[in-house]
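Biologist: Please put the model on the screen, and let us go through it by question and answer.

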Amino acid sequence: MTTDRQLPAALVAALAALASAAIVLTAMLGEPGDAAVAAVVAVGLLVPVRVPWGGTVPMGNVPMIAAVSLLAHWNAAAVLGAAVLAGTVLLLCRRPRHDVVYASSRYAASAAGAMGAVLLVDLLVVGDVPMLANAVGASVGVLAADLLAARFASGSHDRLATRSALPVHLTLACAGILVAVAVDAVGVAMALVAAFPLLITRFSFDRYAGATDTLDQTVQALGLVPELAGLAPLGHSERSAHYARALARELGFDRAATTRVITATRLHHLGALPLENEESQDEAIAPFEMAAHGARVLRDAGLSAEVADLLVAARADTLDAIAPTLEAAVVRVAATFDELVGDDADAADRGLALVSASARDAHSRRAAGALLELVATEESLVADAIAAGDRFREAAVGLDLESVTGGRGGAGELLPFTRRG
Amino acid sequence: MPHKRRALETSAGIAAATVVTALAVTSGAPSWVVVVSFGAMVMLAENFDVLIHRAGMGGASLTPGFMLTMASIAVVRDDSAAVLTAALVGAWEGLYLPQIRQRDFGAIIFNCGQFALSSCAAAIVFTSFTATGGWMLVVAAIAAAIAYGLVNVSFVLPFVAWKHNERFGVVWADMYRSVPNYLSWGLLGLLIGLVCKELGPLAIVLLAIPMGIGRWTFSSFNRVKEAHDKSVQLFIRLIEAKDPYTAGHTERVAQYSLYIGEELGLNANRLEHLRQSALMHDVGKLAVPSRLLNKPGKLTPEEWDVVKRHNTAGIDILANIDFMRTMAVVASDEHGRYDGSSRTDTPADLVLEAHIVAVADAFDAMTSTRAYRKALAQEVAYEELRKNAGSQFNPVCVDALIKVIDERGERYGAGFEVNVHQFATPPPEAGVGSAGLGDLELAQ
């Protein structure tokens with residue numbers, strides 16, 4: 001068993017016994033095959049479909065929709081109850097306890113949503129309810145309940161993650177309806193065929209999620225290059241990106257805008273790096289020059305022109321500029337705040353005061369206001385950002401990274417500290 | 001060989017027209033609803049496809065259109081004109097918009113013809129099985145997919161070979177990777193067709209939505225992958241900017257590493273990881289003081305210690321990022337040395353990759369001109385690698401590199417360099433120095 005803390009053996013045994021009893025009871029009281037359906041729905045909890053921008057949706061939503069559509073209401077309720085219990089026991093053997101609580105409660109909410117929706121359809125439709133209406137109702141119920149549960153059970157109000165999961169939900173809902181219709185029209189064997197496209201879906205989402213993670217990490221690594229060269233304090237890009245992500249969430253940015261501001265924040269020191277002969281450049285570089293050079297580097301490399309434009313607009317690491325867009329203001333506020341605070345959480349108040357006082361335009365004031373709100377409401381924000389940067393600093397203990405470019409970098413100085421090496 | 005290609009284009013068109021005419025006379029009218037609805041979907045799929053595997057010959061690819069053609073065969077299976085309907089649906093696969101815009105009518109006639117004949121063959125095989133369910137249906141689906149693949153490859157293989165003036169073997173080596181797709185996509189298509197037949201148009205809608213989302217996901221994946229590749233290229237440019245006299249070094253090390261990896265029979269995934277690791281093998285340089293990296297002459301023991309510590313720290317810092325963790329293992333000196341002290345918990349795959357990159361790195365270092373030494377002759381580099389095989393270098397990797405370079409008839413080193421820099425002070429004929437971490441072992 002691989003749990004974060006050892007669960008009392010008696011609790012696990014009791015849950016396992018309860019789940020087994022529920023499945024046996026389902027088999028005895030329901031139709032033949034109900035226990036098998038419960039087992040399939042239970043196993044579905046263990047098979048996640050990855051959402052490319054974070055989080056997962058259980059594949060078990062598909063058999064859940066089909067079961068609720070096809071079985072009589074009481075049978076369906078018994079099957080889902082047994083499945084959630086059995087799935088929880090199976091999860092306990094594989095995942096940390098806090099994950100199990102979250103995943104199981106989400107799954108239970110989905111089951112309740114599906115049952116509630118089918119009962120509602122029953123009330124609204126006069127006479128015999130077509131199976132298709134049940135299937136569509138169950139899909140909507142699962143979707144609504146899962147989105148709500150994902151939002152509240154995790155304690156997160158990340159609207160971005162919720163919206164991002166919609167294509168996955170839609171795919172699973174279509175598959176669930178198709179399986180229900182196929183079983184109703186042809187038989188159980190056709191359910192396997194109808195569910196086959198799910199494998200492609202899962203594969204494609206998985207690959208996309210993997211590629212997105214890798215790209216994110218490559219940008220993270222690129223953001224570290226100026227720091228390895230001693231042109232910025234080690235951990236600065238990571239901490240700044242942490243603030244930028246929080247600000248984007250607070251200001252309700254969509255996925256594309258969030259990715260842009262995080263990328264631009266991570267790469268805002270890229271322009272400090274020489275790409276030609278290092279020896280010929282030894283003068284200090286102004287923030288605007290650094291931003292323009294960084295944007296040129298990105299464009300030459302064929303990377304996002306939007307991020308390049310944002311770098312120029314943001315002119316991060318300087319308090320003396322007007323932000324033409326809210327995205328630019330977020331990049332600048334995030335980078336500047338970290339510049340002022342660094343790895344000293346006690347400096348957060350001073351950093352906030354400076355960032356707020358220097359916000360001269362509407363965008364900057366809005367971004368600075370959002371940061372004030374965040375620091376006030378999320379106590380761990382600064383500590384988490386510092387922890388994110390610390391993991392890189394540990395490997396460089398005892399090294400003088402400023403010597404990498406001949407001591408021309410001014411790691412730790414107040415703005416503007418960046419010089420071209 | 002344009003005349004052969006033209007003859008093949010004409011033959012495919014005439015053969016398909018003859019077969020379709022004969023079928024129309026003998027089996028009666030096709031199911032026009034299926035021909036038009038599936039045909040339109042096939043054409044859409046062909047023109048908005050997402051290449052999962054991009055064939056190198058630029059002309060041989062397999063798209064979801066094939067799957068839909070197979071689905072139409074299952075839908076019309078019991079019709080008297082099933083084969084004719086399948087042939088007409090298949091012909092839509094040849095209506096490829098870029099070729100229509102370029103008025104490449106030869107290619108259009110060829111593709112419409114060969115796709116119609118391939119679909120025809122699949123339909124004949126599928127309808128010859130009388131079973132309506134169970135395992136025999138699966139066998140029928142597999143047999144039909146194979147029939148389609150055989151006819152399709154017999155036309156496309158010579159066409160691509162003649163178009164690109166290549167040997168058949170070379171084209172086949174590029175095409176065979178997509179052969180399993182015939183089975184998987186073909187089987188899936190036939191099964192989807194059976195579902196559509198049973199459930200009607202609703203099934204098409206319910207299947208089309210996930211498929212559309214799947215297509216969007218694949219195309220997004222391609223975009224993200226492209227952005228990642230460009231980011232890696234930028235990373236390499238930043239590494240090489242640290243030591244301008246070694247430009248082109250990382251690309252050559254990646255190329256030699258792939259030579260060795262292919263010779264040792266590594267699979268495609270491992271070769272891709274090896275390539276990326278080789279491109280990143282000098283990543284530790286980013287944290288090494290430039291004055292030491294570019295110092296002409298030998299490093300003092302103190303300087304050498306600083307270089308080692310900074311190089312290791314650079315690798316360790318970047319190893320905190322998940323996707324670079326395994327590359328950091330390959331880049332580390334600890335694992336590159338054959339008689340080094342690899343940690344026992346390091347996977348053998350990664351240790352082998354580290355050995356491969358170490359050999360490739362040393363070969364390029366010796367066969368390139370550096371500030372401290374002119375390029376050595378290829379034979380001298382071979383001799384040096386062989387001398388140190390079993391101690392510094394993995395002998396299997398050394399043998400593999402030498403074998404591949406000799407077999408390919410390639411020449412490197414003195415007199416054969418591609419990237420020769422202008423040095424302020426001409427480098428000596430022989431000597432040791434500090435430029436480039438890859439040379440440090442030789443410098444000791």
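Biologist: What is the handedness of the crossing of α12(B) and α17(B)?
Modeller: This is a predicted model, so the answer refers to predicted coordinates. Helix α12 spans residues 268-279 of chain B and helix α17 spans residues 348-366 of chain B. Their crossing is right-handed.

Biologist: Which residues of α12(B) make the contact with α17(B)?
Modeller: On the α17(B) side the contact uses D349(B), L350(B), L352(B), E353(B), I356(B) and V357(B). By class, the residues of the contact divide into 6 nonpolar, 2 polar and 3 charged. From α12(B) the contributors are R270(B), H273(B), L274(B), S277(B) and A278(B).

Biologist: Is the packing of α12(B) against α17(B) parallel, antiparallel, perpendicular or oblique?
Modeller: The two axes lie 10 Å apart, and the packing angle is about 50°.

Biologist: How many residues of helix α4 of chain B are buried?
Modeller: Helix α4 covers residues 82-91 of chain B, and the rest of the structure largely encloses it. The buried residues are A82(B), V83(B), L84(B), T85(B), A86(B), A87(B), V89(B) and G90(B). Of the 10 residues in the helix, the buried count is therefore 8.

Biologist: Is C196(B) buried or exposed?
Modeller: C196(B) sits in helix α9 of chain B, residues 179-199. Leaving out residues up to four places away in sequence, C196(B) touches V75(B), A203(B), I204(B) and L207(B). Its relative accessibility is 9%, and the cut-off is under 20%, so C196(B) is buried.

Biologist: What separates the C-alpha atoms of C196(B) and L207(B)?
Modeller: L207(B) is one of the residues that C196(B) touches. Along the chain the two are 11 residues apart, and their C-alpha atoms are separated by 9.1 Å.

Biologist: What is the phi of R103(B)?
Modeller: R103(B) is in the loop between α5 (97-101) and α6 (105-128) of chain B. With a relative accessible area of 63%, R103(B) is exposed. Most residues other than glycine have a negative phi. R103(B) is a residue other than glycine with a positive value, near 55°.

Biologist: Which residues of chain B does T214(A) touch?
Modeller: T214(A) lies in helix α9 of chain A, residues 188-228. Its relative accessible area is 23%, so T214(A) counts as partly exposed. Apart from residues up to four places away in sequence, T214(A) touches H228(B) and F323(B).

Biologist: How many helices does chain B have?
Modeller: Chain B has 444 residues, of which 52% count as buried. Among its contacts between residues at least 6 apart in sequence, 74% join residues at least 24 apart. Chain B has 0 strands, and its helices number 20.

Biologist: Where in chain A is confidence lowest among the helices?
Modeller: Chain A averages a pLDDT of 79, and 77% of the residues score at least 70. Over residues 1-6 and over residues 277-281 of chain A, pLDDT stays under 50. Where pLDDT is low, the predicted coordinates should not be read in detail. Helix α10 (residues 236-250) has the highest mean, at 93, while the lowest, at 65, belongs to helix α7 (residues 159-164) of chain A.

Definitions and conventions. Residues numbered from 1 in each chain as written. Chains lettered and ligands numbered in written order. Predicted model: local features only at pLDDT ≥ 70, side-chain atom pairs only at ≥ 80, totals over all residues. Heavy atoms only, no water. pLDDT = per-residue confidence, 0-100. Helix = DSSP H or I, 4+ residues; strand = E, 2+ residues; numbered from the N terminus. Contact = heavy atoms within 4.5 Å. Axes fitted to C-alpha atoms, helices over the stretch in contact; angles between N-to-C directions. Left-handed = near helix turned anticlockwise from the far one by under 90°. Nonpolar A, V, L, I, M, F, W, Y, C, P; charged D, E, K, R; others polar. Buried < 20%, exposed > 50% of the residue type's maximum accessible area, 1.4 Å probe, protein only.
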